[in-house]
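Please open the structure in your viewer and keep the selection tool at hand. The tour begins with a pocket and then moves on to individual residues.

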Amino acid sequence: MTHSQALLIGPDRHGRRVAIVDGVVAREAPVDAPVLSCPGGEIAPGNVCAHTHIYSALAPYGMPKPEPAPKNFVQILERVWWRLDRAIDAETLRAGARDYVAKALLAGTTTLIDHHESPNLIEGSLEVLSDVTTELGIRAVLCFGATERNFGRDEAVRGLAENRTVVASPLLRGMVGLHASFTVSDETIAEAGDLARALGTAVHVHVAEDMADVEDAKRRGFDGPLERLIALGALVPGSIIAHGVHLDATQVRLAARNGAWFVQNPRSNEGNRVGYAGNLSQVSTVALGVDGWDPDMAVEQAALARLAQENDDEAVAGPRAATRLAAGHALMAERFGLHPEPLAVGAAGDVVVRRGGAVEHVVVAGRPVVLDGHLVAGDPAAFQATARAEAARLWDRLKNV
């Protein structure tokens, strides 16, 4: 099935039907459109993972523990994730991406908004990711997180340039990535904003995940990392702020007035012991991400509900945690020029059919990518076996990083 074809899904057990034409939800399908029947299932929108790191996909396969053990967030970055991303090559990235995307689709996640880092594989890295996401049929928004933390300004210039290479398609959009304020110069931040405007997109950046980011910005003469981005022209409308844990209520509202989206990553924030992003409840433009954890958004939503309750965040505790997940559709739609309400006419033709809670069918832009619980474009078991083999090779490479 090509994206120019039509598909009628349903009716499901509630009598609901969804027509998709040219990859977009339509009022009705042509009379000769193929039908994906699901009389015992329930039709729902596909889930959007609004911030992740596909490059970390191999971490669950035996990643060695750092020695000595990190004592704070910056040490976690230095001893774990910044070593991992320096060791990545094209083969490990491709293997991890296939495994991660397969898991996402089988869990009913139809969009991945990725923030990529691989300092020794800058040129060509986004092509690897775009090839895999297109091959398996997931919707993706890609960027390279420019940084100066390893090789200085040249590294940042090359990272920004890699963001130019994403070729838009029905399933793919690009953004301009910055790692975080505390790993880049003012010059790099300003160039990221200029590039985003030139490309007609926005910036995707970590902000105030830990107090180290805030303290760095203050040492540079700014009130905080958010104010630094704004002053240097990098908070282009539509930009994605990942985390925002250590932003106060006034700063959160300031970011929203500048047209920014927030993405909360509750499991990652808990695991890294950086705190809970309670002030994000000041605004409605907050989506849900996993920050490299497994891309099952139902699991992330459950973690958000639990942590919101533990932190007295009544705005999103319990069933209200679903508002974060729902906001991801509007974020994604903004990048693709689609209707922000999922399954409305003009919205992305991204649909999940569940039977008894289990994912039965997944459709992305009108194309079935999971049928009867099976991935259409590949063998998940084979992807996982290759990922495990590449992970073992990656751990060997880590010894020399």
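Begin with the largest pocket, which holds about 790 Å³ of space. A pocket here is an open set of points on a 1 Å grid over the protein atoms alone, where a 1.4 Å probe fits, with protein on both sides within 12 Å along at least five of seven lines. The volume is the space filled by probe spheres set on the points. This is a predicted model, in which local features need pLDDT of at least 70 and side-chain atom pairs count only at pLDDT 80 or more, while totals for linings use all residues. Residues are numbered from 1 along each chain, and side-chain values use heavy atoms, without hydrogens and water.

Next, select Ser56, Trp81, Asn272, Asp291 and Trp293, which lie nearest the centre of this pocket among its 41 lining residues; a lining residue has an atom within 4 Å of a point. Then colour helix α1 (73-87), which gives seven residues, the largest share of the lining. Helices are DSSP runs of H or I with at least four residues.

Move to Ser268, in helix α9. Is Ser268 buried or exposed? Ser268 counts as buried because its relative accessible area is 2%, and buried means under 20% with a 1.4 Å probe, protein chains only. Beyond its neighbours within four places in sequence, show its contacts (heavy atoms within 4.5 Å): Glu209, His243, Val290, Asp291 and Trp293.

Finally, select Arg139 and Phe336: Arg139 lies over the face of Phe336, 4.7 Å from the ring centre. Such a placement requires CZ of Arg within 6 Å of the ring centre and within 35 degrees of the ring normal.

Methods
Helix = DSSP H or I, 4+ residues; strand = E, 2+ residues; numbered from the N terminus. Buried < 20%, exposed > 50% of the residue type's maximum accessible area, 1.4 Å probe, protein only.
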